[in-house]
Amino acid sequence: MRSLRRGQAEVVGGVIAVSVLLLSVAAVYFLLTSTQSTVAAELSRRTSFESERSSERLAVVYDPGLGRCVLKNVGPIPVEVVRLWYGGDPVDLEEPAILQPGEQVTQVAGVDVEVVEVAVTRRGNVVSLRSSCEEARGGTYGGGPHPFSSENVLDYAKTSRGIAEGYLYVNVTKSATKPYAYAVVYKPAENWLCSSKDNKAQYESVPNWDNWNLDRDGNGIRELIIIDSSSCPKNPGDVEELKLGKGYDSVSVLFVFKNLLEITGEEDTITVYFKFVVNISKEGVPHEVSFLPIVTVSKGSTRLSAPASTATAGSKGLAIVSGYAVFPLRSFNLRIGSGVYDLLIELKLSPGRSQSIDIDYVRLEYVAVVGARFYNPWR
Amino acid sequence: MRGQSDLVTVILLVGTVLVIGAAFSSLAVAHVVDFTSRGRVRQLLLAEQASLVVYREFEDGVRLCLGVLRVEPSNTRYAVALLSIDMGVDLLELFPNALTIPGVAPQLRRVSRVYYIHSGEYYPVPVGGYVRVAEVPEEVVERYVMQRRPFLVCVSKDAVEGGARLLVLVYVGPDLYEVGGWYVYA
């Protein structure tokens, strides 16, 4: 009986307390892991959706042969039109009008393309048909911003719609040293080039700019090249592309589109697409170099950064690094104010299997922004 | 007699511990259940936020029509509220016809607890008393949300001269939580 008297209540109480503690810890643990997996799954699903949504590309083209506008799917995926607006009213299509990639039509669900004011896709893209047709015919302009940023933004013939202080420059940093090369390549209302090493831009006119061929690889797209700011050319024929060189454990190339991204504060998601062409030295192969692109949207103390989802392809001596970064402003409560922001695209190159890297050139061939207005830095 | 006394003492002590332990367990379990259920609500709302896309579809001089698209089909009940920019005025109370869903008649009702998002946290809408909301009818859910098609919500510009904030809400029990929205200006 002595043994019964001592410690029985304490043991029972202890078992209860420990059980409650374990139950609480287990419940919190499972809740946290479940929340984490939910966040990851939902972010992945939304990113995938936004990627598909951004890939939808419908264009209204004037066909001189037909003497009328046609609606063409110029994107890589089928597009389903589920609603039309004409006469100021929405009309839902019972059967969506599906346009396969490359397909073009003069009517959508029996309605003439030139009559339709707006077509809405299943993924929530909106295309202004009538105003785009008027633009395509060379008629009135101003049908609102196009839902898709165009590729080939480095084509100088496009207009910037005038942000007074917008410009573009490039910083190159080798290892931990300070940036040693700048190339300011734009100033409004003037021809452009060049810069100084202390980052105080000095602009000079470039004669015969229109004849300057920036399509270095002859694929029909003008690349942004990097030049050494200390050798600012006066003549387009004298331009020398900056060779990054070898013997470094890492190189960072930062393209800064200063004051060229306009955000209204109503955006749901902003997606930034880019494509780099990297010339690796003769001996190198792409898989010996590790590419890490980071995209940043910033203004004052507001700064949003995202590592980009990237695909790399290449053969000996050449790598194509293309990808995109998604900023789901609305869904994840990244409320930022309206205004003009900087867009920074940084490509970090570091050795893969080898000890150091040997890079000839880095060129930016493509940059596009979906979800916000991105101004062309070339005019 | 001594042995019986010890036995009674042990029974009393263990009984007391069991009673106190049961009460303590109940209290702790209640707290844990409350914590986890709030966590699950957060998960649900996070998933709903990530699934909803709101975009501007059409605008003219008298109205702004927004498209509301759920990325994955689901039988989710939605409601829409229209408040002033500072959230202090219930514009649907002042202008009951300010919101329309083309083709159907949204049903207006008053809800006591409506929460909006600010910096990632939910706060009750600071309108005294009830908030008037327009419920998205079941037929719209069946025709659009479950078919993965965007449905329309149009806002009359007469009602939003000083600007307004449109909230797309989902039900969690009897309460409504914001999962999407738009700032509307005349």
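**Exercise 1.** State where Ala109(A) lies in chain A and whether this residue counts as buried, partly exposed or exposed.

*Solution.* Ala109(A) sits in the loop that joins β6 (107-108) to β7 (111-112) of chain A, where strands (E, at least two residues) and helices (H or I, at least four) are DSSP runs numbered from the N terminus. The model is a predicted one, in which local features need pLDDT of at least 70, side-chain atom pairs count only at pLDDT 80 or more, and totals for chains, interfaces and linings use all residues. Residues are numbered from 1 along each chain as its sequence is written, while chains are lettered from A and ligands numbered from 1 in the order in which they are written. Next, a residue is buried if 20 or more other C-beta atoms, placed from the backbone, lie within 10 Å of its own, exposed if 12 or fewer do, and partly exposed in between. Because Ala109(A) has 18 C-beta neighbours inside 10 Å, it counts as partly exposed. Finally, its phi is near 50 degrees, a positive value in a residue other than glycine.

**Exercise 2.** Describe the side of chain A that touches chain B, beginning with the number of residues in contact.

*Solution.* Two residues are in contact if their C-beta atoms, placed from the backbone, lie within 7 Å, and 35 residues of chain A meet 41 residues of chain B in this way. On the chain A side, α1 (2-5), α2 (8-55), β3 (79-86) and β8 (118-121) each supply at least two residues. Of these, α2(A) gives the most, with 19 residues.
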